[in-house]
Amino acid sequence: MVSTYEVRPIATVVGGHTRVLDDYQGGVRSIIRLHDEYPLETLQGIEEFSHLTVTWRFHLASPEEVQLHARSPRRNTRWPATGTFVHRNHRRPNQLAISYPRLLDVDGRDLLVTDLDAVDGTPVIDLAPYFEQMGPRGTVRQPAWPGEMLDPAYWRDATERP
């Protein structure tokens, strides 16, 4: 049985990255601005945490960009063709992402963060503090290609972008 769910954004990313890029995501400050319909009390205590878990939508992507087949990450044939749900990009069916930015400050409805790899205007579907105890349990295992693809360039400081 297939169900659909209506999801409404709770916040919007303000500032930060102005265009979609694969790398140089580090060091950029942006604001996650909670929508007015949510009372300020919904953020009470969040300033005690160093990082957030942010679920957001690739709002600049279109449904036509979804790719339901195996392909090499970033079209690089050095890396193996992997299925749609092995990628972490906008080509997945619901075009959602999860990021773990550092929370720098809270000013009313504005959460000042750094290292959020979403662009200005991105709708935030959900947010929560990051709990260490909710992170992966046990040894994390992955093939070599994600490290080759993301290290060191993905989180390199944006000011170093050529």
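1. Buried means under 20% relative accessible area, exposed means over 50%, and partly exposed lies in between (1.4 Å probe, protein chains only). By that rule Tyr100, at 45% relative accessibility, is partly exposed. Of the 162 residues in the protein chain, 34% count as buried.

2. A word on the source. This is a predicted model, in which local features need pLDDT of at least 70 and side-chain atom pairs count only at pLDDT 80 or more, while totals for chains, interfaces and linings use all residues. Residues are numbered from 1 along each chain as its sequence is written, and side-chain values use heavy atoms, with hydrogens and water left out.

3. The fold. The protein chain has seven strands and one helix. Both are DSSP runs numbered from the N terminus: helices are H or I with at least four residues, strands are E with at least two. The order along the sequence is β-β-β-β-β-β-β-α.

4. Overall dimensions. Along the principal axes, the C-alpha atoms fill a box of roughly 50 × 45 × 35 Å.

5. Contacts (heavy atoms within 4.5 Å). Among those with a separation of 6 or more, 74% join residues 24 or more positions apart.

6. Aromatic pairs. There are three in the structure. Rings of Phe, Tyr and Trp (its six-membered ring) pair if their centres lie within 6.5 Å; planes under 30 degrees apart are stacked, over 60 edge-to-face, and the rest tilted. One of the pairs is Phe49 with Phe131: the ring centres are 5.7 Å apart and the planes meet at 20°, so this pair is stacked. Phe49 sits in the loop between strand 2 (29–34) and strand 3 (52–57), and Phe131 in the loop between strand 7 (123–129) and helix 1 (145–150), 82 residues apart. Phe49 is partly exposed at 29% relative accessibility. Phe131 is also partly exposed, at 39%.

7. Another pair is Tyr100 with Tyr130. This one is edge-to-face, with 5.6 Å centre to centre and 80° between the planes. Tyr100 is in the loop between strand 4 (96–99) and strand 5 (102–107), and Tyr130 in the loop between strand 7 and helix 1, so the pair ties together parts 30 residues apart in sequence. Tyr130 counts as partly exposed, at 30% relative accessibility.
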